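Work through the two exercises below with the model open. Each has a task and a solution in steps.

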Amino acid sequence: MNNSKVETISRLAQWKIDSLGPCFFRRSDAFKVGIWNWYLCIEKNRYLYVRLFPEPCRTSKEQPPVARIVLRITNAGANRKPYISPVHEKLLRTGDEFVWPVDSTFQGRFIIDVEFLDLKISPIKGGEASSIWPNQGAMEALASRSTLQGLARMLDEGIHTNVTINTSNGSLRAHKAILSASSPVFASIFSHDLKEKESSTINIEDVSLESCTALLSYMYGSINQEEFWKHRLSLLGAANKYDIPDLKECCEESLMEDINSSNVLERLQEAWLYQLDKLKKGCLTYLFDFGKIYDLREEVNNFFRHTDRELMMEMFQEVLTVWKPL
């Protein structure tokens with residue numbers, strides 16, 4: 001067993017450590033979160049001191065991270081009692097800039113969790129630090145292409161629209177050609193002698209006006225990151241219903257980025273419902289490999305009372321085949 005290895009998933013880093021002697025020092029292997037490699041360091045004499053710092057390199061020197069973090073130390077085993085730090089937000093460059101003294105005695109093996117609530121980067125030429133999350137790359141690149149600006153105008157200004165979409169709380173106008181090019185389901189509707197073709201009206205009453213607007217913004221290439229994040233669960237359902245695989249993949253990747261204790265069971269249910277294998281694996285890894293199921297006993301019990309039997313069986317199978325005691 002490599003006692004210096006730090007496991008990571010999403011924005012969580014976890015270090016499993018053997019028992020400590022009366023005087024002890026250890027540094028972890030490097031682990032990557034965001035664009036930086038990081039180290040954890042522990043030192044024990046009277047207190048237990050935990051240090052977190054980025055790997056010394058050009059990136060961390062020119063653009064040191066501002067990390068908003070919370071740490072947790074937990075004894076291994078069934079009766080785990082966590083010791084949780086306050087939320088810290090600091091500019092980190094060296095091992096002296098963040099030190100968390102823990103006035104507690106840990107017997108046997110224990111676990112250190114570091115959850116990165118946010119990571120900010122300072123511009124090389126100076127200025128205000130900005131968050132590196134969410135990753136806006138693919139979505140903003142798509143929306144910024146000049147070839148899509150005309151499509152966005154067509155939607156926003158209703159230029160030559162030829163189909164009405166009725167949602168649960170309002171109506172929108174759009175273009176059959178754009179819908180058909182984006183979705184084989186819409187293409188089928190408009191190419192067959194269905195009532196939607198004759199009336200040029202589509203009823204999507206299980207989606208709100210706001211979520212449908214976000215869906216059209218994606219199809220027309222004008223969606224922004226804030227709109228995408230706000231409606232990504234609704235967009236996931238629409239992508240599945242209307243067979244839009246690239247949107248479905250974007251939603252899955254986005255939902256993988258911020259798995260935490262408050263949403264992991266909901267994410268697991270969505271992954272099961274929409275057959276998102278990567279998201280499902282990420283949720284199960286968070287729960288079992290990282291031991292977070294211990295912190296969610298009541299939530300898991302309620303989850304089992306309402307979830308699909310096959311999903312329950314798969315979770316139990318995960319316990320049997322994946323869970324590895326410390």
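The exercises cover a helix pair and a sheet in this predicted model.

**Exercise 1. Describe how helix α9 packs against helix α10, and sort the residues of the contact by type.**

Step 1. Two packed helices are described by the angle between their axes and the distance between the axes. Locate α9 at residues 232-241 and α10 at residues 245-257; the angle is about 145° and the axes are 8 Å apart.

Step 2. List the residues, taking heavy atoms within 4.5 Å as contact. From α9 come Arg-232, Leu-233, Leu-235, Leu-236, Ala-239 and Asn-240. From α10 come Leu-247, Lys-248, Cys-251, Ser-254 and Leu-255.

Step 3. Sort the residues of this contact: 7 are nonpolar, 2 polar and 2 charged.

**Exercise 2. In which order do the strands of the open sheet lie, and which helix packs on the sheet?**

Step 1. The sheet has 3 strands in the order β14-β13-β15, with mixed pairing.

Step 2. Find the edges. β14 (170-174) and β15 (201-203) each pair on one side only, so they are the edge strands.

Step 3. Examine one pairing. β13 (residues 163-167) and β15 run parallel and are joined by 3 bridges. For Ile-165, the bridge partner in β15 is Ile-202.

Step 4. Place the helix. α7 (residues 209-219) packs on the sheet and touches β13 and β14. The direction of α7 makes about 15° with that of β14.

Technical notes. Residues numbered from 1 in each chain as written. Predicted model: local features only at pLDDT ≥ 70, side-chain atom pairs only at ≥ 80, totals over all residues. Heavy atoms only, no water. Axes fitted to C-alpha atoms, helices over the stretch in contact; angles between N-to-C directions. Helix = DSSP H or I, 4+ residues; strand = E, 2+ residues; numbered from the N terminus. Nonpolar A, V, L, I, M, F, W, Y, C, P; charged D, E, K, R; others polar. Pairing = 2+ DSSP bridges.
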